[in-house]
Amino acid sequence: MSNTIKSEGYKKLLDCKEQIREKTAFIPKAAIVLGSGLGGYAEQMKVEAEVAYSEIEGFPVSTVAGHDGRFLFGYIEGFPVVMMKGRVHYYEGYDISDVVLPIRLMGMLGAKILILTNAAGGVNLDFQPGDLMMIEDHISIAVPNPLRGKNMEELGVRFPDMSQVYDRSLCHIIEKIASEQQIDLKKGVYIQCSGPSYETPAEIRMFRKLGIDAVGMSTVCEAIAANHMGMRVCGISCITNMAAGILDQPLNHKEVQEAADRVKDQFEQLVTGVIGKIKEI
Ligand code: HPA
């Protein structure tokens, strides 16, 4: 088979890209994904263009209440970024390759750097709700790999290395800015579970034994897809609750959103500081 024959997945990406290019010529240098409860960060941005996911034919449209689905193109600290206000989750029922479509799209629109954010449950007993955790590494075995299927040769190799998914220099920047802002930044390993149910206490005990620090329902598949196509990735989790079974209380989505809301100023300052520094590299 000739190399010039594009996979269906890649054709879909090109088609989505074209639809966005009909609306804006903006070229972002970095992409940011806003996690649950962190969507307000979009207000920090000098917006040049907006494209709602629902305007893009073929795009997986988010269904969760409180997830406003749109790309925002504009400037933070004078740096050109594209922001996903509302992400696509695997638990909504999409194929995992559709879940990472927006990430690939942002890469194809020009973003070389990806900043992932999320709300997560704390598995590490030293964490507290309200902590911010820099993702040092991840465990992906609880969800399908987004690269499964025909490899998109246009984006990357069949068997990509994952020994340093979270870019060292971006991690240094996050640590430096957190220290300047006197944030007690936690660091650790994040696992993506499929959701939408929260984990059981037994699962969380198992995760702790495996060296996992935080658990959520996103991010890992996005980091893999971005890494595959050569984007430099970093991630920050907002620990919104202690994971199941740690405290003698049930988990609920409202608590997650409220906790994210409480730390959003600190979180937003950190992300803004990081972007301000990234623009120097
Ligand atoms: N588990 C999974 N996802 C989450 C959690 C959790 O405890 N908190 C926020 N997102």
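**The ligand shell and the pockets**

By class, the shell around the ligand comprises seven nonpolar, four polar and one charged residues, where Ala, Val, Leu, Ile, Met, Phe, Trp, Tyr, Cys and Pro count as nonpolar, Asp, Glu, Lys and Arg as charged, and the others, Gly among them, as polar. The model is predicted, with local features requiring pLDDT of at least 70 and side-chain atom pairs pLDDT 80 or more, whereas totals for chains, interfaces and linings use all residues. Residues are numbered from 1 along each chain as its sequence is written, and side-chain values use heavy atoms, with hydrogens and water left out.

The residues around the ligand (one heavy atom within 4 Å) include Tyr198, Glu199, Met217 and Asn241. Among the polar contacts (pairs of N or O atoms within 3.5 Å), a ligand nitrogen atom is 2.7 Å from a side-chain N or O atom of asparagine 241, and a ligand nitrogen atom lies 3.3 Å from a backbone N or O atom of glycine 121.

The ligand sits in the largest pocket, in the sense that more than half of its atoms lie within 2 Å of the grid points; a pocket is an open set of points, on a 1 Å grid over the protein atoms alone, where a 1.4 Å probe fits, with protein on both sides within 12 Å along at least five of seven lines, and its lining residues have an atom within 4 Å of a point. Of its 23 lining residues, Ser36, Ala119, Tyr198, Met217 and His253 are the closest to the centre.

Technical notes: A polar contact is a pair of N or O atoms within 3.5 Å; within protein, one must be able to donate a hydrogen and the other to accept it, and residues adjacent in sequence count only if both atoms are side-chain atoms.
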